[in-house]
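Good morning, colleagues, and thank you for your time.

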Amino acid sequence: VQLQASGGGLVQAGGSLRLSCLTSGLPLRVMAWSRQTPGNQREFLAATTSDGKTNYADSVKERFTISRDSAKSTVYLQMNSLKPEDTAVYYCNAHSYSGKEYWGQGTLVTVSS
């Protein structure tokens, strides 16, 4: 299974970005996004299951939306009302139906004040 994240970049506070994670290989039961800043643990943000259920961290649930396009084998993270504290490397990860976990490379999001 390969996961390829993209869509990061520099945005001003209050702006929006949409991250994409293109998957290939196996069907995936759960797709999720996390982020990490230097010196800190990786933080869960949002997840979506193959039957359409979603789950969000309290810190982002009013601003971020996870979605999944199965036809394109892609999961998205729409991020609105971005804040400087959202600056981080964002990672997508996935769980297969056999329970294995996979991680993609990160994509850097920088929010300027």
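**A network of salt bridges**

Asp 86 and Arg 63 form a salt bridge through their side chains, with N to O at 2.7 Å. Please bear in mind that this is a predicted model.

Where do these two residues lie? Asp 86 is in the loop between β8 and β9, whereas Arg 63 is in the loop between β6 (54-56) and β7 (64-69), so the pair ties together parts that are 23 residues apart in sequence. Both Asp 86 and Arg 63 are buried; for Asp 86 the relative accessibility is 1%.

Asp 86 also takes part in a salt bridge with Arg 35, where the closest N and O atoms are 2.9 Å apart. Arg 35 belongs to strand β4 (residues 28-36), while the loop that holds Asp 86 runs between β8 (74-79) and β9 (88-96); this pair therefore ties together parts that are 51 residues apart in sequence.

Let us now turn to the other partner of this arginine. The side chain of Arg 35 meets that of Glu 43 in a salt bridge of 2.8 Å, N to O. Is each of these two residues buried or partly exposed? Arg 35 is buried, at a relative accessible area of 8%, whereas Glu 43 is partly exposed, at 29%.

In general terms, side chains of opposite charge can pair when their charged atoms come close.

To draw this together, a network of salt bridges links Arg 35, Glu 43, Arg 63 and Asp 86. Across the whole structure, the search finds four salt bridges.

Key:
Residues numbered from 1 in each chain as written. Predicted model: local features only at pLDDT ≥ 70, side-chain atom pairs only at ≥ 80, totals over all residues. Heavy atoms only, no water. Buried < 20%, exposed > 50% of the residue type's maximum accessible area, 1.4 Å probe, protein only. Helix = DSSP H or I, 4+ residues; strand = E, 2+ residues; numbered from the N terminus.
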